[in-house]
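Subject: Structure handover

Hi,

Here is the structure I promised to pass on to you.

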Amino acid sequence: MPERREASSPTGIGLFDRRRLLGLAATATGFIGAAGPRALAQMAPMGASHMATASSTGAADYALRIARGLVELGPDTIVSTTLYNGQFPGPLLRFTEGKQVAIDVHNDTDTPELVHFHGEFLPAAADGAAEEGSPYIPAHGMRRLVFMPRPTGFRFYHTHLPAYSDLSRGLYSGQAGPVYVEPRREPGAYDREVFLTLKEFAPYFTRTEMPDDFLAPETVDPELKEASEKAEKASADAGNPQGYELAYNFMSINGRMLGHGEPIRVKAGERVLFHVLNASASENRSLALPGHVFKVVALDGNPVPHPAEVPVLWLGTAERISAIVEMNRPGVWVLGDTDNDDRAHGMGIVVEYADAKGDPQWEKPPEFRWDYRLFASSDAAAQKPDQTIVMTISTRGGALQGFDEFAINGVPFSMAKMEPMFRLSRGRRHRLQLRNATDDVHPIHLHRHSFEITSIMGQSTAGVIKDVAMLGAFQEMTVDFTADQPGLSLFHCHMQPHMDFGFMALFNCV
Ligand SMILES: [Cu+2]
């Protein structure tokens, strides 16, 4: 259960007293709390448009404490990393639609931190991204976040710090946890729900490429492929090494390697709603349960127009899938990654039927390619956009101290300048035409909005609403959204090494 406590600081001075001490009469949008002059200075540019609300005093609904801690992945495998409330995943935060929430975030580390509430429509100041101007949670300080959670469904929270070559920071750490914003109505009937957070630990750099051949349609754009090959050759000619990729010693579901921790105990005939979160820093993941199918009812927390049954789930980093499994094949099974090596490293969890005995069994699932269009509306065409923004992704392999450098329309994002690249017209429907001139699958993410997937490789689709979507290698995808959030919104690839090395852009909505 999440920790609930009175708002207090490490010094023991209550928030209200400290606010009085600091003479802080009004606060930044969506933000209450401060931990010193530095925090005030950070808040000033955001404007002081909203007066403190009732949630600025008294007990918070939740408290999160960022600190180093240990995760016991298995009896003989304990890793040290930065965690929320000393656990992995961080506590499940349950919010209610239309009910304001107050969260006290204590930062016990030496580094200013950011907590991003991923997939929620929050003011830029509350979103938890420095690029948008959100203030940091000061090192050894506390900040109270106050916001109205929306939209409903399965979201999550995580750090939004860059890591660069420091594998203890950012998403390489254990700073991630699930959020559920209670909807008025659940999609599909089920008997109970199980939250699964997929996560690797003990990262290291390698040069082994990740798989990029699991998406449908399989077609590629020859122009994008040629551009990628040209860039690759230019980089090699310039003497750059092959760029670093990530690998991990240990993999886990809910912080336990396969075979350790409690199995998921089920009964024949039961309908279990799984909420799966891929909290990886860099890996796109698959998941299968031998002899069973997943009926996908929601993607990134948004009910899909056409719930469809699939033998395998694929999730890019930060993607969520809610799927119902009818338990109709008694036994003891491995719910795990389809990659044998990843399961051997721990990516799986045991599903045990009542009265079933024996070792957990794995069977290779049928051949399957992940296709967002399976869950789309069959009849409706997507609405026409008011404006189209073309974004071509390119890379210079190994160009930045051995890391691949990424660019959008030829421009790598500068963390020093943090300049908006695109201007959005408020209230208008915008289409992002995403062209991937690289050989990687990129889980692209837009902050503070959801988008609709409107085409993949020129084939129209509609009705699938997401906040992260995998853009295939050498492929083109369009996603549409209404620019209804004023101010800055960040767009980026959700793979930590890609977002750290150029694959970001800021939208300014005016
Ligand atoms: Cu990427």
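Let's start with the metal. The copper ion is held by three protein donors, H442 (ND1), C493 (SG) and H498 (ND1), at 2.0 to 2.1 Å. A donor here is an N, O or S atom within 2.8 Å of the metal (3.2 Å for Na, K and Ca), and since water is not among the atoms, sites may look incomplete. Along the chain the spacing of these donors reads H-x50-C-x4-H. H442 sits in strand 27 (residues 442–446) and H498 in helix 6 (residues 496–500), so this pair links distant parts of the chain, 56 residues apart. Helices (H or I, at least four residues) and strands (E, at least two) are DSSP runs, numbered from the N terminus. H442 and H498 are both buried, with buried meaning under 20% relative accessible area, exposed over 50% and partly exposed in between (1.4 Å probe, protein chains only).

Before you go further, two notes on the source. This is a predicted model, in which local features need pLDDT of at least 70 and side-chain atom pairs count only at pLDDT 80 or more, while totals for chains, interfaces and linings use all residues. Residues are numbered from 1 along each chain as its sequence is written, and side-chain values use heavy atoms, with hydrogens and water left out.

Now the overall picture. The protein chain has six helices and 34 strands. Of its 510 residues, 58% count as buried. If you take contacts (heavy atoms within 4.5 Å) between residues at least 6 apart in sequence, 78% of them join residues at least 24 apart.

Strand 27, the one with H442, also belongs to an open sheet of five strands in the order 25-34-33-27-31, with mixed pairing. Two strands pair if DSSP finds at least two bridges between them. Which strands stand at the edges? They are strand 25 (420–424) and strand 31 (468–471), and each has a single partner strand, so one side of each lacks a neighbour in the sheet. On average, neighbouring strands of this sheet are turned by 25 degrees against each other, direction ignored; the axes behind such angles are lines fitted to C-alpha atoms (for helices over the stretch in contact), and angles run from 0 to 180 degrees between N-to-C directions. Strand 25 runs parallel to strand 34 (residues 504–509), and four bridges join the two.

Next, have a look at strands 23 and 24. They pair in the antiparallel sense over five bridges, and I393 stands opposite I408 in strand 24. Two residues lie between the strands of this hairpin, where Q401 takes a positive phi near 45 degrees. Six of the six residues of strand 24 (residues 403–408) are buried, so that strand is largely enclosed by the rest of the structure. T395 has its place in strand 23 (residues 387–400) and counts as buried at 16% relative accessibility. Its side chain reaches the backbone oxygen of E405 at 3.1 Å, which is a polar contact (N or O atoms within 3.5 Å; within protein, one must be able to donate a hydrogen and the other to accept it, and residues adjacent in sequence count only if both atoms are side-chain atoms). Leaving out residues up to four places away in sequence, T395 touches A231, D404, E405, F406 and T438.

Last, the aromatic rings. Rings of Phe, Tyr and Trp (its six-membered ring) pair if their centres lie within 6.5 Å, and planes under 30 degrees apart count as stacked, over 60 as edge-to-face and the rest as tilted. By this rule there are 22 aromatic pairs. F214 and W314 make a stacked one, with 3.8 Å centre to centre and 10 degrees between the planes. F214 is in the loop between strand 12 (192–206) and helix 4 (222–237), and W314 is in strand 19 (residues 313–315), so the pair ties together parts that are 100 residues apart in sequence. F214 is buried at 4% relative accessibility, and W314 is buried at 12%. F481 and F507 form a tilted pair, at 6.1 Å and 55 degrees. Y62, Y84, F95, F117, F147 and Y157 form one aromatic cluster.

Cheers
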